[in-house]
Amino acid sequence: MSPMTLLKQVVSYLILLGILLGLVWVVKHLLSRVTVSSDYDEIEVPEVDHSPSYAVKPLPLSEMQTDEVVAYSLPRDRNGLGNGNGFAWIAALPGDMVSISKGVLLVNNVPEARCAAMPTRPDCPAFPVGHLFVVTPIHATDSIARGPLPQSLIIGVVANFP
């Protein structure tokens, strides 16, 4: 076998290997993203374009922090609504005390900055281990409306959410 033929074979194998590695990277990258549907308005951020996608990093609850944004799966409620992705800020972690007083969400007796004043609602009971308390500006799918978010519904922490 001539050196030129051997060189052509090596280059061909390297090109095939590069294509294969590129495909693996693309599939992995696409599977670790969530998309905000164009009709989703739970988190209204003026500078965010509708239908963008965001990288999501699965983390255990013990590594999550307040003020991070999580993506979660929305199961259908009794009215058949849901079945998509939800996004919310983490307001409280397991072990935090959550209450609502005079329309203000308090976490460990401190007002939650991301949660606007709301109509009078009853205090929230202590939430179980393995759950997060998440908030959104209009409260349609957050913990105020649906209760603490179980870990089984959490997709992950959203990277670079504005």
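The model is predicted: local features need pLDDT of at least 70, side-chain atom pairs count only at pLDDT 80 or more, and totals for chains, interfaces and linings use all residues. Residues are numbered from 1 along each chain as its sequence is written, and side-chain values use heavy atoms, with hydrogens and water left out.

**Overall fold**
- The protein chain holds 2 helices and 10 strands. Helices (H or I, at least four residues) and strands (E, at least two) are DSSP runs, numbered from the N terminus.
- From the N terminus on, the elements run α-β-β-β-β-β-β-β-β-α-β-β.
- Of the 162 residues in the protein chain, 35% are buried. Buried means under 20% relative accessible area, exposed over 50%, and partly exposed in between (1.4 Å probe, protein chains only).
- Among contacts (heavy atoms within 4.5 Å) between residues at least 6 apart in sequence, 54% join residues at least 24 apart.

**Nonpolar cores**
- A nonpolar core is a set of buried Ala, Val, Leu, Ile, Met, Phe, Trp, Tyr and Cys residues joined through side-chain atoms within 4.5 Å.
- The largest has 16 residues; Ala91, Leu105, Phe133, Val135, Ile144 and Val158 have the most contacts inside it.
- Strand 3 (69-74), strand 4 (84-92), strand 5 (98-101), strand 6 (104-107) and strand 8 (131-135) each give this core at least two residues.
- Strand 4 supplies the largest share, 4 residues.
- A second, separate core has 14 residues, including Ile90, Leu93, Leu149 and Val157.

**Sheet 5-6-7**
- Three strands form an open, antiparallel sheet in the order 5-6-7. Two strands pair if DSSP finds at least two bridges between them.
- Strand 5 and strand 7 (110-111) are the edges; each has a single partner strand, so one side of each lacks a neighbour in the sheet.
- Strand 6 and strand 7 pair over 2 bridges. Leu106 has Pro111 in strand 7 as its bridge partner.

**His131**
- His131 lies in strand 8. His131 is buried because its relative accessible area is 18%.
- Leaving aside neighbours within four places in sequence, His131 contacts Leu61, Pro94, Pro148, Leu149 and Pro150.

**Surface**
- The protein chain exposes about 10100 Å², with 61% supplied by carbon and sulfur atoms. Accessible areas come from the Shrake-Rupley method with a 1.4 Å probe; for residues, only the protein chains shown count as cover.
- Val24 sits in helix 1 (residues 3-31).
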